[in-house]
Amino acid sequence: MLTVFDALSNTVKPVPSSLLSPTPSLSLLTSPQFSATQYAVPSVTSCVPPGLPATYAPGSTRFRMFTTAAADSSHVYVSICDAGSIADVNTTTNTISTGGNNSPDTLVTNIAPPFGACGVASCNTVATITAFTIASNVVTFQAANGFIAGQKVSISSLSTSSGASLNGLTLTVLGTGLSGLQFECSFSSADVPLTSDSGKAVPLPPPQNPVFLLTGQ
């Protein structure tokens, strides 16, 4: 959830709707990645930062959530490690008035993050799929795995008619529903009940880490 404050008055701004009414907070989760009424996600072990007084070390989570604004302040982006996504919030006003008549900030979409950066052997291991189900445009694979949210995997060798449509696809592992025995990915399709099948999810190597240039005046 995101709470927006008016900078001039330091008061909380209203939102179009809130899933935690009367709390004036904006949900950062959109469908089809998440359900229409969802405002929280399960905790992902790899997203938990080291507890105090431990300090950051390479390989551990530094920021579980992080917020930044576009250069023109028209959007705010909120990264959510446990959800495996980045929320895009539109902050554009519809008037130059300071009288409080501007439209409230709205969630535009959830942006898929870059490839997950796998730093341990477990998330580089091929997962054997034993079954899958599709509901609300999310496919859930039953497979022992060590994947991390945001990681790309290639699906192959499924033999059922529904499973064959997944073969050859590169999918992104979601933070939701991720455990050592299953993983989820966004996939636009009609619902499919739990189907036994046999296939593979092959983790793909991540690309070069993005480089950001920060400048000051």
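## Strand 7 and its partners

Strand 7 and strand 12 (residues 192-203) run antiparallel and are joined by six bridges, where strands are DSSP runs of E of at least two residues, numbered from the N terminus, and two strands count as paired if DSSP finds at least two bridges between them. Within this pairing, Ile 134 has Val 192 of strand 12 as its bridge partner. The model is a predicted one, in which local features need pLDDT of at least 70 and side-chain atom pairs count only at pLDDT 80 or more, while totals for chains, interfaces and linings use all residues. Residues are numbered from 1 along each chain as its sequence is written, and side-chain values use heavy atoms, with hydrogens and water left out.

Strand 7 (residues 127-135) also pairs with strand 8, in the antiparallel sense and over five bridges, and here Phe 132 is bridged to Phe 141 of strand 8. The two strands form a hairpin with two residues between them, and Ser 136 in the turn has a positive phi of about 55 degrees.

Strand 8 is joined to strand 11 (residues 182-186) by five bridges, the two running antiparallel, and the partner of Thr 140 in strand 11 is Glu 184. Because four of the five residues of strand 8 (residues 138-142) are buried, this strand is largely enclosed by the rest of the structure; buried means under 20% relative accessible area, exposed over 50%, and partly exposed in between, with a 1.4 Å probe and protein chains only.

## An aromatic cluster

Phe 141, Phe 147 and Phe 183 form one aromatic cluster, and the structure holds two aromatic pairs (rings of Phe, Tyr and Trp, the last by its six-membered ring, with centres within 6.5 Å; planes under 30 degrees apart count as stacked, over 60 as edge-to-face and the rest as tilted). Phe 147 and Phe 183 make an edge-to-face pair, at 5.1 Å centre to centre and with 80 degrees between the planes. This pair links distant parts of the chain, since Phe 147 lies in the loop between strand 8 and strand 9 and Phe 183 in strand 11, 36 residues apart. Both Phe 147 and Phe 183 are buried.

## Loops and confidence

Asn 10, in the loop between strand 1 (5-6) and strand 2 (11-12), has a positive phi of about 60 degrees although it is not a glycine, and it counts as exposed because its relative accessibility is 59%.

The chain has a mean pLDDT of 79, with 77% of its residues reaching 70 or more, pLDDT being the predictor's confidence in each residue from 0 to 100. Over residues 207-217 pLDDT stays under 50, and for this stretch the model has one contact (heavy atoms within 4.5 Å) beyond four places in sequence.
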